[in-house]
Amino acid sequence: MNTPGRRSRPRRRAEAAAPAPSLRAGATPAEIAAGCYEKIALVLQGGGALGGYQAGVYEALHGAGLRPDWFAGVSIGAINAAILAGNEEGVRVERLRTFWDTISRPAGPFGGSLPWLNQLVEALPLGAGTAGTPFGTAFDEARLAWLGAASAVGALLQGQQGFFQSRTLSPFLFRDGSAAATSFYDVAPLKQTLERLVDFDRINSGATRLSVGAVNVRTGNVVYFDSRQTVLRAEHIMASGALPPAFPAVEIDGEHYWDGGVVSNTPLQYVLSDLPRADTLALQVDLWSASGTLPQTVFDVLERQKDIQYSSRTRLGTDTMARLQKLRAALRELIDRAGADALPAATMEHLQPWICDRVYNIIHLIYRAKPHEEQYKDYAFGPIAMRDHWQSGFDDMCRTLAHAEYFVPPSREQTVVTHDVHRDEFVPRRRR
């Protein structure tokens with residue numbers, strides 16, 4: 001089914017007389033994607049300040065001419081996804097930059113802890129030590145570590161402009177179930193920012209599909225607010241990012257919702273379970289790496305615990321979906337060989353939802369934390385960290401785009417394939 005405003009993509013046949021034009025020698029990833037897939041989804045994980053990485057990924061995608069027609073996200077991924085889906089293609093990168101430039105500034109009147117020293121350290125250029133020497137590297141890492149810690153403290157004490165601000169009174173003073181009693185920060189600034197940067201009329205027109213994940217506080221169940229079934233508003237995006245106890249639950253139609261990352265931080269399964277099934281290219285952008293090194297300090301333990309918790313077992317989910325799809329393909333082949341008449345009609349009716357010959361290509365982009373980053377990296381919203389995350393996403397996507405073969409669909413027999421430039425070019429993370 002095509003949504004309004006979406007270009008139709010030809011369904012790839014199991015046996016073609018000649019290679020599709022998009023698979024010709026020298027075809028670009030954008031040409032391959034446009035010619036071979038019915039759905040192109042950009043899937044964005046939650047991760048707070050690390051979300052600048054996703055913006056860099058999209059900028060590289062945009063520059064390469066690759067256009068997703070479905071954006072799915074959780075938490076900060078939902079906010080990035082809403083900005084992308086809620087703007088015309090030509091201004092998406094600009095809107096992302098406006099958002100990240102805004103929220104990288106503290107909400108209060110000060111520039112974080114020790115403001116004058118923070119500004120002095122930020123003004124120093126990288127490489128202020130002797131270039132190419134251990135001292136130069138150590139100085140740069142110490143400087144970046146200071147800026148990260150200062151911006152994290154600033155976020156905790158004051159909040160971030162256009163995003164959230166600290167409450168005047170402690171929530172421990174209230175017991176009435178209100179937002180003031182159940183959260184430390186007020187997110188009214190985020191509502192204003194979303195309504196300024198996102199055209200919800202565009203999203204709800206069906207021009208581009210948007211899906212954001214949240215958790216129903218009462219039932220504990222994951223819910224996806226999808227523009228195909230729901231008229232989306234700023235509140236739906238805020239619900240996806242309402243991480244307790246920092247932010248209050250968001251009420252929608254009488255129910256209250258928290259951040260989807262409380263249960264599952266990665267919306268990939270929702271995308272791959274979509275019906276009717278279709279040949280799909282899923283660009284999965286994760287902000288937490290499930291793999292890592294053995295912690296050496298308590299702070300390392302806190303960081304590693306977050307990485308594991310919020311990575312949401314992406315690899316396991318991907319492997320599970322791959323096995324299910326291979327099972328569906330095997331069932332289809334078995335029935336084709338036996339003939340539909342070989343089974344009772346009632347049995348065929350039960351099996352029909354499992355019969356499938358669609359293919360899935362999952363391309364992973366996973367942020368790799370820098371040596372100077374600590375367990376507070378997801379709320380270190382400073383401008384230098386933001387620009388570094390953005391550049392990392394841009395560079396990783398450019399490296400991925402250099403592998404045009406990554407974008408070629410798997411065969412009908414293979415059904416599912418995954419790619420990850422970090423896995424193919426793995427370099428162990430440096431530790432302090």
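Two strands are taken to pair if DSSP finds at least two bridges between them. By that rule, strand β1 (residues 39-44) and β10 pair in the parallel sense over six bridges in this predicted model.

How many residues of strand β10 are buried? Seven of the seven residues of β10 (residues 280-286) are buried, and the strand is therefore largely enclosed by the rest of the structure. In a regular strand the side chains alternate between the two faces of the sheet. In β10, Thr-280, Ala-282, Gln-284 and Asp-286 point one way, while Leu-281, Leu-283 and Val-285 point the other way, and the residues of both sets are buried.

**The sheet β3-β4-β5**

Another part of the chain holds an open sheet of three strands, which follow one another in the order β3-β4-β5 with antiparallel pairing. Because β3 (159-160) and β5 (185-186) stand at the edges, each with a single partner strand, one side of each is left without a neighbour in the sheet. Strand β3 is joined to strand β4 (residues 164-166) by two bridges, and these two strands run antiparallel. Across this pairing, Gln-160 stands opposite Phe-164 in β4.

| Strand pair | Direction | Bridges |
|---|---|---|
| β1 and β10 | parallel | six bridges |
| β3 and β4 | antiparallel | two bridges |

**A buried loop residue**

Pro-409 lies in the loop between α15 (383-401) and β12 (416-420). Although Pro-409 and Tyr-37 are 372 residues apart in sequence, their C-alpha atoms are 8.0 Å apart in space.

**The chain as a whole**

The protein chain has 16 helices and twelve strands, and buried residues make up 50% of its 432 residues. Among contacts in the chain with a separation of 6 or more, 75% are accounted for by residues 24 or more positions apart. The chain exposes about 19,900 Å², of which carbon and sulfur atoms supply 59%.

How values were computed. Residues are numbered from 1 along each chain as its sequence is written. This is a predicted model: local features need pLDDT of at least 70, side-chain atom pairs count only at pLDDT 80 or more; totals for chains, interfaces and linings use all residues. Side-chain values use heavy atoms; hydrogens and water are left out. Helices (H or I, at least four residues) and strands (E, at least two) are DSSP runs, numbered from the N terminus. Buried means under 20% relative accessible area, exposed over 50%, partly exposed in between (1.4 Å probe, protein chains only). Contact means heavy atoms within 4.5 Å. Accessible areas come from the Shrake-Rupley method with a 1.4 Å probe; for residues, only the protein chains shown count as cover.
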